[in-house]
Amino acid sequence: MRPLQVIQISDLHLTPHGQVPVHGQQYDPWGKLANIIDDIRRLPTMPDLIVFTGDLIHDGSADDYQRLHAIVHTMEAEFDCHVRVILGNHDRRAAFYEGYLPADPGPYYASRMRIGNNDFYFLIQRLAVMRQAGWHHNSYNGWENIYDRHRQSGLFYFCITP
């Protein structure tokens, strides 16, 4: 059995269309993402999972998230792997929900998947409902106890806490 290959890419801060890169970035973040994808192509073993964790598009619009969704869809097809995203505090949830997701996620966006004998959880610990940082949704109660249910299998827990 070969080892599980997971790639985590964090804090892209992709630039919304027509804006300059934030945080003093000297190189176009979309170009950096293209370089990351090229680096993945050169790996000797393709990943089983790619996870983008937080701050995907700095104050992006629905169109920006549609652009990212197209890239993620292409990555899934090209690398024949799962690709998941988690929002960060610089992402605009309403724009993400409109441009990236095929349906309304309800009060929060979180998911779970299984690869082999490994469980992967993806969630946003703090949500910006009405943009109030620090709000904790009651539906998350109990997620912290998932470790007890996974003593015989692998557990990967991707969580953003802005």
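In this predicted model, T15 sits in the loop between β1 and α1. The residue is buried, with a relative accessible area of 6%. Beyond its neighbours within four places in sequence, T15 contacts V20, P21, P29 and W30.

Helix α1 spans residues 29-41. Its 13 residues reach 19 Å from the first C-alpha to the last. That is close to the 18 Å expected at 1.5 Å a residue.

Between β1 and β2, 5 bridges are found. I9 stands opposite F52 of β2.

The largest nonpolar core has 25 residues. Those with the most contacts inside it are I50, F52, L56, L68, M75, F96 and Y100. Six elements each supply at least two residues of this core: β1, α1, β2, α2, β3 (82-86) and α3 (93-99). The most comes from α2, which gives 5 residues.

L56, one of the residues with the most contacts inside the largest core, touches residues from several stretches of the sequence. Leaving out residues up to four places away, its contacts are L12, H13, L14, Y65, L68, V85, I86, L87, D91 and F96. Of these partners, L68 and F96 are also listed with the most contacts inside the largest core.

Charged pairs were examined next. The count comes to 6 salt bridges. Side chains of opposite charge can pair when their charged atoms come close. In one of these bridges, the side chains of D38 and R41 meet at 2.4 Å, N to O. The two residues are 3 apart in helix α1, and therefore separated by about one helical turn. An α-helix has 3.6 residues a turn, so residues three or four places apart point the same way. D38 counts as partly exposed, at 30% relative accessibility. R41 is also partly exposed, at 41%.

A further salt bridge links D39 with R42, with the closest N and O atoms 2.5 Å apart. D39 is partly exposed at 44% relative accessibility. R42, with a relative accessible area of 61%, is exposed because this value is over 50%.

R114 forms a salt bridge with D119. Here the closest N and O atoms are 2.8 Å apart. R114 is partly exposed, with a relative accessible area of 42%, whereas D119 is buried at 3%. Salt bridges that share partners also join D38, R41 and E78 into one network.

Conventions
Residues numbered from 1 in each chain as written. Predicted model: local features only at pLDDT ≥ 70, side-chain atom pairs only at ≥ 80, totals over all residues. Heavy atoms only, no water. Helix = DSSP H or I, 4+ residues; strand = E, 2+ residues; numbered from the N terminus. Expected span 1.5 Å × (residues − 1). Core = buried A, V, L, I, M, F, W, Y, C linked by side-chain atoms within 4.5 Å. Buried < 20%, exposed > 50% of the residue type's maximum accessible area, 1.4 Å probe, protein only. Contact = heavy atoms within 4.5 Å. Pairing = 2+ DSSP bridges. Salt bridge = Lys/Arg side-chain N within 4 Å of Asp/Glu carboxyl O.
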